[in-house]
Amino acid sequence: MARTGIAKGFNSGNVTTQRERPARPASKKMVASERVKLCRAIAREVVGLSPYERRILDMIKTGGSAADKRVYKFAKKRLGSHKRAVVKREDIKEVNSAQRARAAGV
């Protein structure tokens, strides 16, 4: 906010110009590079799914009206947070759709 140069009221104080701050290293955290993405994809392809992920996949396949909610609750119990559970659910849904596409293509 621009200062007014007046001693009282909103935006009080000496008139100064805001300088551009350099980006902090913490802002780059959690952004995977292309190399890391490739390594993770290869590892997932070679290793496959863990047992709890296979169980989530089975829940998605069997479906039902409340499958999403059951999958979310199971993933949250295993992973510990809402955000991780939602991301894992979407990840396993993508795996399921890829498997179905591969099966349909064959």
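The legends below describe close-up views of a predicted model.

**View 1. The packing of H2 against H3.** The two helices pack at an angle of about 170°, and their axes lie 9 Å apart. H2 is therefore roughly antiparallel to H3, as the angle is over 145 degrees. From H2 the contact draws on Tyr52, Arg55, Ile56, Met59 and Ile60, while H3 brings Ala67, Arg70, Val71, Phe74, Ala75, Arg78 and Leu79. Sorted by class, the residues of this contact of H2 with H3 comprise nine nonpolar, no polar and three charged.

**View 2. The packing of H3 against H4.** Here the helices pack at an angle of about 125°, with 8 Å between their axes. That angle makes H3 oblique to H4, and the crossing in which H3 passes H4 is right-handed. On the H3 side the contact is made by Asp68, Val71, Tyr72, Ala75, Lys76 and Leu79, and on the H4 side by His82, Arg84, Ala85, Val86, Lys88, Arg89 and Lys93. The residues of the contact of H3 with H4 divide by class into six nonpolar, one polar and six charged.

**View 3. The crossing of H2 and H4.** The axes of these two helices come within 10 Å and cross at roughly 65°, which makes H2 roughly perpendicular to H4. The crossing of H2 and H4 is right-handed. Tyr52, Glu53, Ile56, Leu57, Ile60 and Lys61 in H2 meet a set in H4 made up of Lys88, Arg89, Ile92, Lys93, Asn96 and Gln99. By class, the contact of H2 with H4 holds five nonpolar, two polar and five charged residues.

**View 4. Lysine 88 in helix H4.** Lysine 88 lies in helix H4, which spans residues 82-105. With a relative accessible area of 16%, lysine 88 counts as buried, because buried means under 20%. Apart from its neighbours within four places in sequence, lysine 88 is in contact with Arg44, Tyr52, Glu53, Ile56 and Leu79.

**View 5. Asparagine 96 in helix H4.** Asparagine 96 also has its place in helix H4, where asparagine 96 is buried at a relative accessible area of 9%.

**View 6. Glutamate 90 and its separation from proline 51.** Glutamate 90 is found in helix H4 and is partly exposed, with a relative accessible area of 34%. Between glutamate 90 and proline 51 there are 39 residues of separation in sequence, and from C-alpha to C-alpha the two are 17 Å apart in space.

View 7. Asparagine 11 is located in the segment before helix H1 (34-47), and its phi is near 55°, a positive value in a residue other than glycine. Asparagine 11 is partly exposed, with a relative accessible area of 31%. Methionine 30 likewise has its place in the segment before H1, and methionine 30 has a positive phi of about 70° although it is not a glycine. At 78% relative accessibility methionine 30 counts as exposed, because exposed means over 50%.

How values were computed
Residues numbered from 1 in each chain as written. Predicted model: local features only at pLDDT ≥ 70, side-chain atom pairs only at ≥ 80, totals over all residues. Heavy atoms only, no water. Helix = DSSP H or I, 4+ residues; strand = E, 2+ residues; numbered from the N terminus. Buried < 20%, exposed > 50% of the residue type's maximum accessible area, 1.4 Å probe, protein only. Contact = heavy atoms within 4.5 Å. Axes fitted to C-alpha atoms, helices over the stretch in contact; angles between N-to-C directions. Parallel < 35°, antiparallel > 145°, perpendicular 65-115°, else oblique. Left-handed = near helix turned anticlockwise from the far one by under 90°. Nonpolar A, V, L, I, M, F, W, Y, C, P; charged D, E, K, R; others polar.
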